[in-house]
Amino acid sequence: MAADLTPDNATLAEITNFREYSDTFASAGQPTVEQFSAVRDAGYERVVYIAFTNNQNAIANADQVVKGLGMDYIHIPVDWNNPTKRDFYAFADAMQRAPDMKTLLHCQVNARATAFSFLYRVIYEDVPVAEAKADMNTVWQPNETWRDLIFALLEENGKSAECEGCDWTPSTAGN
């Protein structure tokens with residue numbers, strides 16, 4: 001069963017699929033320019049964006065908006081149809097450089113971001129697979145492409161995707 005990942009902050013709760021995993025880590029869909037201010041006001045120090053800047057919902061000049069609010073901005077463009085291990089490790093490396101920095105990871109609807117959040121939490125924070133999977137499933141059930149990436153990265157890091165109640169049947173969303 002998934003934990004309640006909804007933030008107490010009403011403005012953050014309005015961000016598409018905002019999920020708060022800990023005091024220092026959350027993921028979400030695309031915030032608006034105004035919502036980036038709320039992210040900063042909630043104490044976030046770093047924003048990591050893992051979709052393409054030409055996405056129809058992307059914020060023009062988001063890097064300048066976020067930096068202008070005093071937060072760090074990292075962009076790792078992840079192809080929805082071809083996510084790679086390198087993409088995930090680029091994100092994980094950034095997180096590992098400052099693991100206590102309060103970070104918002106986002107994409108467009110929080111599908112890419114929940115998959116990377118799942119992986120990061122399981123591989124680097126030792127969150128049980130069943131817990132992280134239940135949290136990811138509050139947003140989506142990974143399709144075959146993303147499930148296969150998750151399985152490969154878990155195996156590479158000595159983790160098993162097997163867990164009580166985990167259904168890894170690929171969704172057809174986004175295919």
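Of the 175 residues of the protein chain, 49% count as buried, where buried means under 20% relative accessible area, exposed means over 50%, and partly exposed lies in between (1.4 Å probe, protein chains only). The model is predicted: local features need pLDDT of at least 70, side-chain atom pairs count only at pLDDT 80 or more, and totals for chains, interfaces and linings use all residues. Residues are numbered from 1 along each chain as its sequence is written, and side-chain values use heavy atoms, with hydrogens and water left out.

**Overall architecture**

The protein chain contains seven helices and five strands. Helices (H or I, at least four residues) and strands (E, at least two) are DSSP runs, numbered from the N terminus. Read from the N terminus, the order of elements is α-β-β-α-β-α-β-α-β-α-α-α. The radius of gyration of the protein chain is 15 Å, close to the 16 Å that the globule rule gives for 175 residues, so the chain is as compact as a globular protein of that length. This radius is taken over C-alpha atoms, and the globule rule is 2.2 Å times the number of residues to the power 0.38. Along the principal axes, the C-alpha atoms of the protein chain fill a box of roughly 45 × 30 × 30 Å.

Contact means heavy atoms within 4.5 Å. Among contacts in the protein chain with a separation of 6 or more, 74% are accounted for by residues 24 or more positions apart.

**Surface and charge**

The protein chain exposes about 8,300 Å², of which carbon and sulfur atoms supply 44%. Accessible areas come from the Shrake-Rupley method with a 1.4 Å probe; for residues, only the protein chains shown count as cover. The chain has 13 positive and 25 negative charges, and their mean positions are 4 Å apart. Lys and Arg count as positive and Asp and Glu as negative, while His and the chain ends are not counted. The place of a charge is taken as NZ of Lys, CZ of Arg, CG of Asp or CD of Glu.

**The nonpolar core**

A nonpolar core is a set of buried Ala, Val, Leu, Ile, Met, Phe, Trp, Tyr and Cys residues joined through side-chain atoms within 4.5 Å. The largest such core has 56 residues, and those with the most contacts inside it are I50, F88, F91, F116 and F118. Helix α5 (residues 111-125) supplies the largest share of this core, nine residues. Leaving aside neighbours within four places in sequence, F88 is in contact with F116, L119, Y120, I123, Y124 and L153.

P7 lies in the segment before α1 (10-13) and is buried, with a relative accessible area of 8%. Not counting residues up to four places away in sequence, P7 touches L12, A13, F18 and E20. P7 and E20 are 13 residues apart in sequence and 6.0 Å apart in space, C-alpha to C-alpha.

E20 itself belongs to strand β1 (residues 19-20) and is partly exposed, with a relative accessible area of 25%. Beyond residues up to four places away in sequence, E20 touches L5, P7, D8, F25, A26 and Y44.

F25 is placed in strand β2 (residues 25-28) and is buried, with a relative accessible area of 1%. Its contacts, leaving aside neighbours within four places in sequence, are E20, F91, M95, T103, L105, S117, Y120 and R121.

The table lists C-alpha separations for selected residue pairs.

| Residue pair | Separation in sequence | C-alpha distance |
|---|---|---|
| E20 and V39 | 19 residues | 12 Å |
| F25 and S117 | 92 residues | 8.7 Å |
| E45 and R97 | 52 residues | 13 Å |

**Loop residues**

E45 lies in the loop between α2 (33-41) and β3 (46-49). At 39% relative accessibility, E45 counts as partly exposed. Not counting residues up to four places away in sequence, E45 touches M71, D72, D100, M101 and K102.

Most residues other than glycine have a negative phi. N110 has a positive phi, near 85°, and is not a glycine. N110 lies in the loop between β5 (103-106) and α5 and is buried, with a relative accessible area of 0%. D126, also not a glycine, has a positive phi of about 55°. D126 is found in the loop between α5 and α6 (129-136) and is exposed, with a relative accessible area of 56%.
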